[in-house]
Amino acid sequence: MFYQLYEMNHAALQPFRVYADAVRFFYSNPLNPLSKTMWGRSVAATAELFERTTRRYGKPEFGIASTEIDGKEVPVVEKTVWSRPFCNLMHFEKHGARRPAEPKLLMVAPISGHYATLLRGTVEAMMPHADVYITDWADARMVPLAKGHFDLDDYIEYVIEMLHALGEGTHVMAVCQPSVPVFAASALMEARGDRFAPASMVLMGGPIDTRSNPTAVNQLAEAHGIEWFRDNVVMQVPWPHPGFMREVYPGFLQLSGFMSMNLDRHIIAHKDFFMHLVKDDGDSAEKHREFYDEYLAVMDLTAEFYLQTVETVFIEHHLPLGKMMHRAEPVDPAAIRNVALLTVEGENDDISGLGQTKAAHRLAPNIPDSMREHYMQKKVGHYGVFNGSRFRAEIVPRIVDFINANSGRKRAASGPRLVSSSSR
(Lines give C-alpha, C1' and ligand atoms only; values in the text may rest on other atoms or scores of the structure.)
Protein backbone atom coordinates (compact mmCIF):
# COMPACT_ATOMS: atom_id res chain seq x y z
CA MET A 1 0.00 0.00 0.00
CA PHE A 2 2.94 2.34 0.56
CA TYR A 3 3.82 2.25 -3.16
CA GLN A 4 0.16 2.90 -4.01
CA LEU A 5 0.10 5.85 -1.59
CA TYR A 6 3.20 7.27 -3.26
CA GLU A 7 1.49 7.02 -6.66
CA MET A 8 -1.67 8.68 -5.33
CA ASN A 9 0.30 11.57 -3.84
CA HIS A 10 2.17 12.03 -7.10
CA ALA A 11 -1.10 12.12 -9.03
CA ALA A 12 -2.67 14.53 -6.52
CA LEU A 13 0.16 17.02 -7.07
CA GLN A 14 -0.24 17.00 -10.85
CA PRO A 15 -2.60 20.04 -10.99
CA PHE A 16 -0.22 22.02 -8.79
CA ARG A 17 2.72 21.12 -11.04
CA VAL A 18 0.77 22.31 -14.07
CA TYR A 19 -0.07 25.56 -12.30
CA ALA A 20 3.55 26.06 -11.20
CA ASP A 21 4.75 25.48 -14.75
CA ALA A 22 2.29 28.09 -16.04
CA VAL A 23 3.47 30.58 -13.41
CA ARG A 24 7.10 29.94 -14.36
CA PHE A 25 6.32 30.49 -18.04
CA PHE A 26 4.43 33.72 -17.32
CA TYR A 27 7.11 35.29 -15.12
CA SER A 28 10.04 34.19 -17.27
CA ASN A 29 8.51 35.22 -20.60
CA PRO A 30 10.69 37.99 -22.10
CA LEU A 31 7.49 39.79 -23.23
CA ASN A 32 6.54 40.23 -19.58
CA PRO A 33 8.28 43.31 -18.09
CA LEU A 34 8.28 41.59 -14.67
CA SER A 35 10.66 38.94 -16.01
CA LYS A 36 13.42 41.56 -15.91
CA THR A 37 12.87 42.28 -12.22
CA MET A 38 14.26 40.48 -9.17
CA TRP A 39 10.72 39.86 -7.93
CA GLY A 40 9.60 38.33 -11.21
CA ARG A 41 12.64 36.04 -11.42
CA SER A 42 12.09 34.99 -7.78
CA VAL A 43 8.51 33.95 -8.51
CA ALA A 44 9.59 32.05 -11.63
CA ALA A 45 12.42 30.38 -9.71
CA THR A 46 10.07 29.30 -6.90
CA ALA A 47 7.62 27.83 -9.40
CA GLU A 48 10.34 25.93 -11.27
CA LEU A 49 11.87 24.59 -8.06
CA PHE A 50 8.48 23.28 -6.91
CA GLU A 51 7.77 21.62 -10.27
CA ARG A 52 11.19 19.97 -10.45
CA THR A 53 11.16 18.64 -6.89
CA THR A 54 7.71 17.04 -7.23
CA ARG A 55 7.88 15.57 -10.76
CA ARG A 56 8.81 12.03 -11.77
CA TYR A 57 11.83 11.98 -14.04
CA GLY A 58 11.59 9.69 -17.05
CA LYS A 59 14.34 7.63 -18.60
CA PRO A 60 16.95 9.95 -20.15
CA GLU A 61 18.31 9.50 -23.65
CA PHE A 62 21.94 8.74 -24.39
CA GLY A 63 21.83 11.43 -27.06
CA ILE A 64 25.25 10.58 -28.51
CA ALA A 65 25.11 11.71 -32.13
CA SER A 66 28.82 11.71 -32.93
CA THR A 67 32.32 11.04 -31.65
CA GLU A 68 35.73 12.33 -32.60
CA ILE A 69 38.39 10.01 -34.05
CA ASP A 70 41.81 11.39 -35.00
CA GLY A 71 40.40 14.90 -35.10
CA LYS A 72 37.47 13.98 -37.34
CA GLU A 73 33.82 13.99 -36.30
CA VAL A 74 32.21 10.60 -36.92
CA PRO A 75 28.40 10.13 -36.87
CA VAL A 76 27.01 7.63 -34.37
CA VAL A 77 23.75 5.68 -34.55
CA GLU A 78 22.27 3.82 -31.56
CA LYS A 79 20.96 0.35 -32.36
CA THR A 80 19.46 -2.48 -30.32
CA VAL A 81 21.36 -5.65 -31.31
CA TRP A 82 20.14 -8.10 -28.64
CA SER A 83 17.07 -8.08 -26.47
CA ARG A 84 15.53 -9.87 -23.52
CA PRO A 85 12.59 -8.87 -21.28
CA PHE A 86 14.84 -7.14 -18.74
CA CYS A 87 17.62 -5.80 -20.96
CA ASN A 88 18.44 -4.42 -24.40
CA LEU A 89 22.00 -4.46 -25.69
CA MET A 90 22.69 -1.08 -27.30
CA HIS A 91 25.35 -0.62 -29.97
CA PHE A 92 26.85 2.78 -30.70
CA GLU A 93 27.53 2.19 -34.36
CA LYS A 94 30.04 4.53 -35.97
CA HIS A 95 29.69 5.52 -39.60
CA GLY A 96 32.52 6.81 -41.72
CA ALA A 97 36.17 7.00 -40.67
CA ARG A 98 37.13 4.54 -37.96
CA ARG A 99 40.25 2.78 -36.79
CA PRO A 100 40.91 -0.67 -38.28
CA ALA A 101 40.31 -3.70 -36.06
CA GLU A 102 38.60 -1.80 -33.28
CA PRO A 103 38.23 -4.00 -30.16
CA LYS A 104 34.66 -4.82 -29.17
CA LEU A 105 33.81 -3.52 -25.70
CA LEU A 106 30.76 -4.73 -23.77
CA MET A 107 30.04 -2.12 -21.10
CA VAL A 108 27.87 -3.60 -18.32
CA ALA A 109 25.92 -0.90 -16.52
CA PRO A 110 24.79 -1.38 -12.92
CA ILE A 111 21.24 -2.25 -11.91
CA SER A 112 21.32 -0.03 -8.86
CA GLY A 113 18.50 2.43 -9.36
CA HIS A 114 19.81 4.69 -12.09
CA TYR A 115 19.48 4.02 -15.79
CA ALA A 116 22.40 3.03 -18.00
CA THR A 117 22.51 6.63 -19.26
CA LEU A 118 24.40 7.44 -16.05
CA LEU A 119 27.39 6.02 -17.95
CA ARG A 120 26.95 8.41 -20.88
CA GLY A 121 30.30 10.04 -20.11
CA THR A 122 31.96 6.62 -19.85
CA VAL A 123 30.59 5.64 -23.25
CA GLU A 124 31.68 8.92 -24.83
CA ALA A 125 35.21 8.55 -23.45
CA MET A 126 35.62 4.99 -24.78
CA MET A 127 33.99 5.41 -28.18
CA PRO A 128 37.06 6.84 -29.97
CA HIS A 129 39.01 3.75 -28.88
CA ALA A 130 36.57 0.84 -29.14
CA ASP A 131 33.39 -0.51 -30.71
CA VAL A 132 31.11 0.11 -27.72
CA TYR A 133 28.03 -1.84 -26.62
CA ILE A 134 26.15 -1.20 -23.36
CA THR A 135 23.49 -3.02 -21.33
CA ASP A 136 20.32 -0.95 -21.19
CA TRP A 137 18.45 -2.49 -18.26
CA ALA A 138 14.65 -2.30 -18.07
CA ASP A 139 12.63 -0.64 -15.33
CA ALA A 140 11.07 -3.61 -13.53
CA ARG A 141 7.73 -1.84 -13.09
CA MET A 142 7.44 -1.71 -16.88
CA VAL A 143 7.89 -5.48 -17.36
CA PRO A 144 4.65 -7.52 -17.10
CA LEU A 145 4.58 -10.46 -14.72
CA ALA A 146 4.01 -12.77 -17.68
CA LYS A 147 7.61 -12.06 -18.82
CA GLY A 148 8.94 -14.04 -15.84
CA HIS A 149 11.38 -13.21 -13.08
CA PHE A 150 14.93 -11.81 -13.04
CA ASP A 151 17.52 -12.54 -10.36
CA LEU A 152 21.32 -12.53 -9.99
CA ASP A 153 21.57 -15.90 -11.74
CA ASP A 154 19.64 -14.49 -14.69
CA TYR A 155 21.94 -11.46 -14.72
CA ILE A 156 24.97 -13.74 -15.05
CA GLU A 157 23.22 -15.70 -17.78
CA TYR A 158 22.43 -12.48 -19.65
CA VAL A 159 26.11 -11.49 -19.58
CA ILE A 160 27.14 -14.88 -20.96
CA GLU A 161 24.50 -14.69 -23.72
CA MET A 162 25.64 -11.20 -24.71
CA LEU A 163 29.28 -12.32 -24.94
CA HIS A 164 28.13 -15.17 -27.20
CA ALA A 165 26.18 -12.71 -29.34
CA LEU A 166 29.19 -10.39 -29.73
CA GLY A 167 31.64 -13.17 -30.55
CA GLU A 168 35.19 -14.13 -29.65
CA GLY A 169 37.69 -11.54 -28.49
CA THR A 170 35.14 -9.23 -26.85
CA HIS A 171 36.32 -7.17 -23.89
CA VAL A 172 33.98 -6.45 -20.99
CA MET A 173 33.85 -3.49 -18.60
CA ALA A 174 31.82 -3.71 -15.38
CA VAL A 175 31.04 -0.48 -13.55
CA CYS A 176 30.32 -0.91 -9.83
CA GLN A 177 27.67 -3.55 -8.97
CA PRO A 178 28.02 -5.70 -12.14
CA SER A 179 31.64 -6.46 -11.23
CA VAL A 180 30.36 -9.50 -9.34
CA PRO A 181 28.16 -11.03 -12.08
CA VAL A 182 30.77 -10.24 -14.77
CA PHE A 183 33.52 -11.84 -12.68
CA ALA A 184 31.26 -14.84 -12.03
CA ALA A 185 30.32 -15.13 -15.71
CA SER A 186 34.01 -15.14 -16.71
CA ALA A 187 34.76 -17.86 -14.16
CA LEU A 188 31.87 -20.02 -15.38
CA MET A 189 32.81 -19.61 -19.04
CA GLU A 190 36.45 -20.46 -18.37
CA ALA A 191 35.47 -23.53 -16.33
CA ARG A 192 33.30 -24.68 -19.25
CA GLY A 193 36.07 -24.06 -21.77
CA ASP A 194 33.82 -21.53 -23.51
CA ARG A 195 35.66 -19.90 -26.41
CA PHE A 196 33.44 -16.83 -26.08
CA ALA A 197 34.87 -15.93 -22.66
CA PRO A 198 36.02 -12.29 -22.77
CA ALA A 199 39.54 -11.37 -23.84
CA SER A 200 39.76 -9.05 -20.83
CA MET A 201 37.56 -7.70 -18.09
CA VAL A 202 37.82 -4.26 -16.49
CA LEU A 203 36.24 -4.12 -13.04
CA MET A 204 35.66 -0.58 -11.77
CA GLY A 205 34.68 0.26 -8.20
CA GLY A 206 32.94 -3.08 -7.70
CA PRO A 207 31.99 -4.98 -4.50
CA ILE A 208 34.00 -8.16 -5.12
CA ASP A 209 34.82 -8.53 -1.41
CA THR A 210 32.91 -6.08 0.78
CA ARG A 211 34.77 -7.23 3.90
CA SER A 212 37.65 -4.97 2.82
CA ASN A 213 37.20 -1.41 4.13
CA PRO A 214 33.42 -1.75 4.54
CA THR A 215 31.49 1.43 3.76
CA ALA A 216 28.20 2.66 5.21
CA VAL A 217 26.38 0.76 2.46
CA ASN A 218 28.13 -2.49 3.40
CA GLN A 219 27.57 -1.95 7.13
CA LEU A 220 23.85 -1.35 6.60
CA ALA A 221 23.53 -4.70 4.82
CA GLU A 222 25.44 -6.58 7.51
CA ALA A 223 23.53 -4.90 10.35
CA HIS A 224 20.21 -6.27 9.07
CA GLY A 225 19.35 -9.79 8.04
CA ILE A 226 17.86 -10.49 4.63
CA GLU A 227 14.40 -10.73 6.22
CA TRP A 228 14.62 -7.05 7.22
CA PHE A 229 15.16 -6.05 3.61
CA ARG A 230 12.36 -8.34 2.43
CA ASP A 231 9.94 -6.87 4.99
CA ASN A 232 10.90 -3.19 4.66
CA VAL A 233 11.90 -2.39 1.07
CA VAL A 234 10.09 -4.91 -1.14
CA MET A 235 6.74 -3.72 -2.50
CA GLN A 236 4.33 -4.62 -5.27
CA VAL A 237 4.05 -2.44 -8.37
CA PRO A 238 0.66 -0.69 -8.27
CA TRP A 239 -1.85 -0.37 -11.08
CA PRO A 240 -1.76 0.91 -13.86
CA HIS A 241 1.93 0.15 -14.54
CA PRO A 242 2.61 -2.80 -16.91
CA GLY A 243 4.44 -4.60 -14.11
CA PHE A 244 1.35 -4.52 -11.85
CA MET A 245 1.74 -6.92 -8.90
CA ARG A 246 5.44 -7.57 -9.57
CA GLU A 247 7.51 -7.44 -6.36
CA VAL A 248 10.21 -4.78 -6.63
CA TYR A 249 12.60 -2.60 -4.75
CA PRO A 250 11.07 0.75 -5.80
CA GLY A 251 13.16 3.44 -7.43
CA PHE A 252 11.79 6.18 -5.16
CA LEU A 253 13.05 4.29 -2.10
CA GLN A 254 16.47 3.94 -3.66
CA LEU A 255 16.49 7.65 -4.48
CA SER A 256 15.66 8.42 -0.85
CA GLY A 257 18.72 6.41 0.17
CA PHE A 258 20.95 8.16 -2.38
CA MET A 259 19.78 11.60 -1.25
CA SER A 260 20.05 10.87 2.49
CA MET A 261 23.73 9.94 2.18
CA ASN A 262 24.57 13.53 1.16
CA LEU A 263 21.39 15.41 2.06
CA ASP A 264 23.13 18.66 3.01
CA ARG A 265 24.91 18.73 -0.37
CA HIS A 266 21.62 18.32 -2.26
CA ILE A 267 19.90 21.02 -0.20
CA ILE A 268 22.74 23.45 -0.90
CA ALA A 269 22.67 22.53 -4.61
CA HIS A 270 18.96 23.36 -4.85
CA LYS A 271 19.41 26.59 -2.90
CA ASP A 272 22.20 27.56 -5.29
CA PHE A 273 19.97 26.64 -8.24
CA PHE A 274 17.30 29.03 -6.93
CA MET A 275 19.85 31.83 -6.60
CA HIS A 276 21.23 31.15 -10.10
CA LEU A 277 17.72 31.61 -11.49
CA VAL A 278 17.14 34.79 -9.51
CA LYS A 279 20.48 36.23 -10.65
CA ASP A 280 19.76 35.14 -14.25
CA ASP A 281 22.84 32.89 -14.32
CA GLY A 282 21.53 30.64 -17.06
CA ASP A 283 24.66 28.52 -17.58
CA SER A 284 24.94 27.47 -13.93
CA ALA A 285 21.20 26.78 -13.75
CA GLU A 286 21.39 24.60 -16.86
CA LYS A 287 24.23 22.55 -15.39
CA HIS A 288 22.05 21.88 -12.34
CA ARG A 289 19.16 20.80 -14.57
CA GLU A 290 21.35 18.46 -16.60
CA PHE A 291 22.80 16.77 -13.50
CA TYR A 292 19.52 16.32 -11.63
CA ASP A 293 17.55 15.27 -14.71
CA GLU A 294 19.89 12.27 -14.74
CA TYR A 295 20.36 11.80 -11.00
CA LEU A 296 16.64 11.88 -10.15
CA ALA A 297 15.66 9.44 -12.91
CA VAL A 298 15.42 6.07 -11.18
CA MET A 299 13.96 2.66 -11.95
CA ASP A 300 12.57 -0.25 -9.94
CA LEU A 301 14.61 -3.42 -9.37
CA THR A 302 13.05 -6.87 -9.25
CA ALA A 303 12.81 -8.05 -5.66
CA GLU A 304 14.45 -11.41 -6.41
CA PHE A 305 17.50 -9.74 -7.98
CA TYR A 306 17.85 -7.20 -5.18
CA LEU A 307 17.46 -9.69 -2.33
CA GLN A 308 19.76 -12.30 -3.88
CA THR A 309 22.43 -9.65 -4.48
CA VAL A 310 22.20 -8.27 -0.95
CA GLU A 311 22.41 -11.75 0.57
CA THR A 312 25.09 -13.17 -1.75
CA VAL A 313 27.38 -10.15 -2.05
CA PHE A 314 26.89 -7.98 1.02
CA ILE A 315 25.76 -10.31 3.84
CA GLU A 316 27.07 -13.81 3.15
CA HIS A 317 30.13 -12.85 1.01
CA HIS A 318 29.71 -16.00 -1.08
CA LEU A 319 32.16 -15.03 -3.84
CA PRO A 320 35.28 -14.36 -1.71
CA LEU A 321 34.47 -17.33 0.54
CA GLY A 322 34.30 -19.72 -2.41
CA LYS A 323 30.61 -20.51 -1.82
CA MET A 324 28.96 -18.76 -4.75
CA MET A 325 26.74 -20.87 -6.99
CA HIS A 326 25.15 -20.11 -10.33
CA ARG A 327 22.05 -22.21 -10.03
CA ALA A 328 23.60 -25.69 -9.44
CA GLU A 329 27.05 -24.81 -10.78
CA PRO A 330 29.87 -23.60 -8.52
CA VAL A 331 31.53 -20.29 -9.37
CA ASP A 332 35.29 -20.80 -9.08
CA PRO A 333 37.38 -17.73 -10.00
CA ALA A 334 40.49 -19.94 -9.94
CA ALA A 335 39.26 -21.29 -13.29
CA ILE A 336 40.07 -17.94 -14.92
CA ARG A 337 43.31 -18.29 -16.87
CA ASN A 338 42.76 -16.63 -20.24
CA VAL A 339 40.79 -13.52 -19.29
CA ALA A 340 43.04 -10.54 -18.57
CA LEU A 341 42.05 -8.57 -15.48
CA LEU A 342 42.24 -4.82 -14.81
CA THR A 343 40.78 -3.46 -11.57
CA VAL A 344 40.23 0.24 -10.94
CA GLU A 345 39.44 1.89 -7.60
CA GLY A 346 38.96 5.45 -6.34
CA GLU A 347 40.91 6.74 -3.36
CA ASN A 348 37.82 8.36 -1.78
CA ASP A 349 35.18 5.85 -2.85
CA ASP A 350 32.43 5.77 -0.20
CA ILE A 351 30.37 3.09 -1.99
CA SER A 352 32.98 0.40 -2.73
CA GLY A 353 35.88 0.84 -0.31
CA LEU A 354 39.53 0.49 -1.24
CA GLY A 355 40.52 -3.15 -1.68
CA GLN A 356 37.02 -4.43 -2.50
CA THR A 357 37.64 -4.51 -6.25
CA LYS A 358 41.34 -5.34 -6.00
CA ALA A 359 40.31 -8.56 -4.22
CA ALA A 360 39.53 -10.03 -7.64
CA HIS A 361 43.25 -10.54 -8.20
CA ARG A 362 43.53 -12.63 -5.05
CA LEU A 363 40.52 -14.73 -6.02
CA ALA A 364 41.84 -15.43 -9.53
CA PRO A 365 45.44 -16.58 -8.91
CA ASN A 366 45.84 -18.40 -12.24
CA ILE A 367 45.76 -15.29 -14.41
CA PRO A 368 49.36 -14.67 -15.56
CA ASP A 369 51.01 -11.59 -14.07
CA SER A 370 51.46 -10.18 -17.56
CA MET A 371 47.68 -10.17 -17.97
CA ARG A 372 46.70 -8.43 -14.74
CA GLU A 373 46.88 -4.86 -13.48
CA HIS A 374 45.46 -2.78 -10.64
CA TYR A 375 45.11 0.99 -10.59
CA MET A 376 44.01 3.29 -7.79
CA GLN A 377 42.99 6.78 -8.90
CA LYS A 378 43.82 9.46 -6.35
CA LYS A 379 41.42 12.22 -5.33
CA VAL A 380 38.23 10.70 -6.74
CA GLY A 381 35.14 9.22 -5.16
CA HIS A 382 32.88 6.51 -6.53
CA TYR A 383 31.57 8.41 -9.55
CA GLY A 384 35.04 9.71 -10.36
CA VAL A 385 36.08 6.13 -11.11
CA PHE A 386 34.03 6.11 -14.31
CA ASN A 387 33.29 9.76 -15.08
CA GLY A 388 34.82 13.23 -14.89
CA SER A 389 38.08 14.91 -15.86
CA ARG A 390 40.42 12.56 -13.98
CA PHE A 391 38.64 9.56 -15.47
CA ARG A 392 39.14 10.89 -18.98
CA ALA A 393 42.72 12.05 -18.45
CA GLU A 394 44.16 9.28 -16.28
CA ILE A 395 41.93 6.19 -16.22
CA VAL A 396 40.80 5.94 -19.84
CA PRO A 397 44.37 5.79 -21.28
CA ARG A 398 45.16 2.88 -18.95
CA ILE A 399 42.00 1.03 -19.95
CA VAL A 400 42.71 1.57 -23.64
CA ASP A 401 46.32 0.38 -23.31
CA PHE A 402 45.20 -2.68 -21.34
CA ILE A 403 42.52 -3.64 -23.87
CA ASN A 404 44.85 -3.15 -26.82
CA ALA A 405 47.57 -5.21 -25.13
CA ASN A 406 45.12 -8.09 -24.72
CA SER A 407 43.43 -7.95 -28.12
CA GLY A 408 44.11 -10.68 -30.66
CA ARG A 409 45.81 -12.87 -28.07
CA LYS A 410 45.39 -16.62 -28.52
CA ARG A 411 43.71 -18.44 -25.67
CA ALA A 412 45.86 -20.88 -23.74
CA ALA A 413 44.95 -24.52 -24.09
CA SER A 414 42.75 -25.84 -21.32
CA GLY A 415 44.52 -27.92 -18.74
CA PRO A 416 44.92 -28.50 -15.01
CA ARG A 417 44.61 -25.43 -12.85
CA LEU A 418 47.77 -24.03 -11.35
CA VAL A 419 46.12 -23.07 -8.08
CA SER A 420 42.95 -24.58 -6.73
CA SER A 421 40.07 -22.57 -5.33
CA SER A 422 40.71 -24.08 -1.93
CA SER A 423 43.91 -22.03 -1.67
CA ARG A 424 41.78 -18.92 -1.22
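We're looking at a predicted model, where local features need pLDDT of at least 70, side-chain atom pairs count only at pLDDT 80 or more, and totals for chains, interfaces and linings use all residues. Residues are numbered from 1 along each chain as its sequence is written, and side-chain values use heavy atoms, with hydrogens and water left out.

**Cores**

A nonpolar core here is a set of buried Ala, Val, Leu, Ile, Met, Phe, Trp, Tyr and Cys residues joined through side-chain atoms within 4.5 Å; buried means under 20% relative accessible area, with a 1.4 Å probe and protein chains only. The largest such core has 109 residues, and Met126, Ile134, Trp137, Phe183, Met204 and Ile399 have the most contacts inside it. Helix α5 (residues 152-166) gives the largest share of this core, 9 residues; helices are DSSP runs of H or I, at least four residues, numbered from the N terminus. A second, separate core has 6 residues, including Ala140, Val237, Val248 and Phe252.

Zooming in on Ile134, its contacts (heavy atoms within 4.5 Å) include Phe62, Leu89, Met107 and Val123, leaving aside residues up to four places away in sequence.

**Cysteines**

With a disulfide taken as a pair of cysteine sulfur atoms within 2.5 Å, the count is 0. For Cys87, the nearest cysteine sulfur is that of Cys176, 17 Å away, which is too far for a bond. Both cysteines are tucked in: Cys87 counts as buried at 2% relative accessibility, and Cys176 does too, at 12%.

**Spaces**

On a 1 Å grid over the protein atoms alone, a cavity is a set of points where a 1.4 Å probe fits but cannot get out; a pocket is an open set with protein on both sides within 12 Å along at least five of seven lines, and lining residues have an atom within 4 Å of a point. Volume is the space filled by probe spheres set on the points.

| Space | Volume | Lining by class |
|---|---|---|
| Second largest pocket | about 530 Å³ | 9 nonpolar, 7 polar, 7 charged |
| Largest cavity | about 80 Å³ | 9 nonpolar, 1 polar, 1 charged |

Of the 23 residues lining the second largest pocket, Tyr6, Thr53, Arg55, Phe252 and Leu255 are the closest to its centre. Helices α1 (2-12), α3 (38-54) and α9 (251-261) each supply at least two residues of that lining.

As for cavities of 30 Å³ or more, the count is 1. Among the residues lining the largest cavity are Phe86, Trp137, Ala140, Asp300 and Thr302.

Definitions and conventions
Buried means under 20% relative accessible area, exposed over 50%, partly exposed in between (1.4 Å probe, protein chains only). Ala, Val, Leu, Ile, Met, Phe, Trp, Tyr, Cys and Pro count as nonpolar, Asp, Glu, Lys and Arg as charged, and the others, Gly among them, as polar.
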